[in-house]
Structures are given as C-alpha cells and as structure tokens.
Amino acid sequence: MPQTLLPDEFLKRAATLPVVDVRSPGEFGQGHIPAAVNIPLFSDEERAVVGTAYKQVSKDEALVQGLEYVGPKMADFVRQSKALAPGGEILVHCWRGGMRSGSFAWLLETAGLKVATLVGGYKAYRNQVLDSFTQPRHLVVLGGKTGSGKTQVLAELRKLGEQVLDLEALAHHKGSSYGAIGQAPQPTSEQYENDIFREWQQLDPNRRIWVEDESRTVGRCFIPLAMWEQMRQAPVAFIDVPKEVRIRRLVREYACFDPALLYEATDRIQKRLGGQHHQAALRALDQQDYATVADITLTYYDKAYLHGLSLRNSGTVHTIEMPEDNPVQTAQELIVWAEKLHTTIA
C-alpha cells in the first residue's frame with residue numbers, strides 16, 4: 001500500500017522528491033504546488049464526462065467510464081513517472097486525496113516505484129497555505145514613491161543577510177500600469193498565494209522580513225488578505241527620493257522597451273492623468289522624450305501613493321531622506337534604522 005502523508009510531511013519530502021499532480025490540466029493551471037509536475041489522469045473534457053456520469057448515473061458508471069479513459073494511458077503514466085524519479089521514489093496527489101491519486105499510486109507501486117500520497121490532497125495543502133498567512137511575522141515595509149528603486153534596495157538588503165519577500169517578483173509585475181512590461185505572464189492569484197507560501201515557509205519567523213509597500217493587488221494578483229493586513233499594521237520605512245532622481249531611474253528602466261507597449265500603458269491611465277496630461281504624455285512618447293513622460297505620470301502616481309500612505313497609522317510611517325539613487329547605501333541605512341526601531345520597541 002502507498003504511504004499517506006499529512007501536508008507538513010508531504011511538503012518536507014517534496015523538497016527532495018518529485019511531486020506528481022494527477023488533476024486535470026485546468027485544475028493544475030488554476031493553482032498547484034510549486035515544482036509539481038502535471039501528469040493528468042483525465043483531460044479536462046474527460047473529467048467533465050466522468051463527473052457527469054457520477055452525478056447523473058452512478059458511481060459505478062463513472063468508474064467504468066474513467067477506466068476506459070485511463071486504460072490506454074497506463075504505460076505512459078509509468079514511463080513519465082519513472083523518468084521523473086530516477087531514485088525510485090515519488091509523491092502523488094489529486095484534489096481530495098481520493099480515487100485519482102490512490103489509483104495512480106497503486107499503478108506506480110505495481111511498476112516498482114515507492115509512492116506516498118497526500119492526505120486530503122491539494123485541498124488540504126491549500127488550507128495550510130491560507131492558514132500560514134495568519135501566523136504573526138515581524139514584517140518591515142519598504143515604502144517609497146514610484147521610481148525610488150525599492151526592488152533594487154530589497155536585493156541589496158538580501159545580499160546583506162536580511163530576509164526579503166519580493167512580492168512583485170513573485171507576481172511578475174511592478175505594480176503600475178507599466179508594471180507588466182518586460183515581465184513573464186502573471187500567475188493566477190491562487191498560484192501567487194502558493195508561490196508566496198513556499199517563500200514564507202522558508203523564512204525565520206523570529207527575524208524581520210522586508211516587504212515592499214503594495215496595494216492589495218499587484219497587477220492581477222491578490223496578496224493574501226491575512227498577510228496584507230499584517231503589512232498594513234507593520235512599520236514603514238518610507239525612502240523619500242527626489243523626483244528628478246526617480247525620473248532618471250524610470251527612463252533607464254523603461255526607455256529600452258517597445259514604444260507601443262508604453263503607449264498602451266499610458267492609455268490605460270488616461271482617466272487618471274486627465275485628457276490634457278494624457279495627450280502631453282503621448283506627444284512626449286512620439287518625440288522619445290521619456291523624461292517628460294515619467295514626469296507627467298509621476299504626478300498621478302505620487303499623489304496616489306501618498307494618499308495610500310495617509311491611510312496608515314501615522315505613527316508607523318518613518319521617513320528616510322535619500323537624496324541619491326544608491327541602493328547599496330540605502331540598504332545599509334535601512335538596516336541601521338531597523339535596528340534602532342527594534343531597540344525602541346523592545
């Protein structure tokens with residue numbers, strides 16, 4: 001009989017063993033355990049037919065229908081699984097930890113593999129994901145207006161040994177209308193939560209964790225509500241960088257991209273910019289005057305960011321003046337500030 005594992009133990013083993021998700025491609029695409037490989041027992045269409053047979057006819061009819069679909073695929077299931085598990089050991093799960101993973105695991109064991117399945121399936125894993133974000137963490141929020149170089153500052157903090165959770169990197173989006181340019185396609189919000197959870201579990205809960213100040217959404221991805229609520233209560237290090245310095249950074253970051261993408265992103269914020277500013281920004285794009293485009297759009301983004309900052313408890317916001325674009329120096333000063341803050345709180 002295949003071994004059964006609770007989510008904690010399953011995920012520990014998943015750090016060194018291959019994981020096969022036997023759900024349909026559609027289920028897998030909506031969200032999956034990071035690094036899992038999809039070997040679907042049924043296609044999306046087949047799963048729908050089996051489900052209909054189960055509901056409208058009987059469990060036995062659904063079983064027979066499922067066997068008709070699975071039978072011709074069994075040898076291929078074994079070949080794919082053995083290719084994933086050269087050590088002869090593999091993990092398998094489905095949605096609820098029921099018939100799909102059980103039958104797949106039986107097949108692999110019959111073929112000589114050592115198999116363990118997930119008790120409660122992907123559903124149990126998802127419950128653990130969402131529950132984890134309710135656990136208190138020592139968050140420190142890095143704030144700053146658009147173009148302040150927060151992503152680079154986070155990278156420097158990580159180099160200096162700080163714990164960092166880069167929510168924008170995981171979302172494949174930088175947060176603004178222009179934030180998807182140059183990025184990979186965004187994950188679903190469900191997959192985003194799973195990806196955050198993988199990082200979250202690897203962080204020491206007894207040490208501070210730096211995160212960037214974000215609204216609830218990063219592009220189309222939603223930050224887990226319980227985590228976001230913790231972020232809203234956490235101390236904020238607001239790095240105040242002059243506008244002209246931020247404009248230069250934005251020109252460096254975005255002038256290299258296809259102008260058509262910049263036009264599209266500018267059009268998306270037309271109402272927020274206002275007709276006159278929107279047209280001025282488009283004319284500047286026509287002339288490849290990217291500094292003027294940045295100047296115009298920052299008028300909107302700065303106002304929006306400061307409004308969001310004003311909704312926080314003012315006692316949690318600490319302004320740190322940074323006259324230059326120097327992520328290394330900024331990171332060093334932030335660590336000194338954070339140590340002093342910790343001493344004050346303690």
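Y122 and Y125 are both buried (under 20% relative accessible area, with exposed over 50% and partly exposed in between, for a 1.4 Å probe and protein chains only). This is a predicted model, in which local features need pLDDT of at least 70, side-chain atom pairs count only at pLDDT 80 or more, and totals for chains, interfaces and linings use all residues. Residues are numbered from 1 along each chain as its sequence is written, and side-chain values use heavy atoms, without hydrogens and water.

Both tyrosines belong to helix α7, three residues apart, about one turn of the helix. An α-helix has 3.6 residues a turn, so residues three or four places apart point the same way. Helices are DSSP runs of H or I with at least four residues, strands are runs of E with at least two, and both are numbered from the N terminus. The buried residues of α7 pack against α1 (7–14), β4 (89–93), β5 (114–118) and α10 (189–202), where contact means heavy atoms within 4.5 Å.

Rings of Phe, Tyr and Trp (its six-membered ring) pair if their centres lie within 6.5 Å; planes under 30 degrees apart count as stacked, over 60 as edge-to-face and the rest as tilted.

| Pair | Centre to centre | Angle between planes | Class |
|---|---|---|---|
| Y122 and Y125 | 5.6 Å | 35° | tilted |
| Y254 and F257 | 6.2 Å | 50° | tilted |

Y254 counts as buried because its relative accessibility is 12%, whereas F257, at 25%, counts as partly exposed. W95, Y122, Y125 and F197 form one aromatic cluster.
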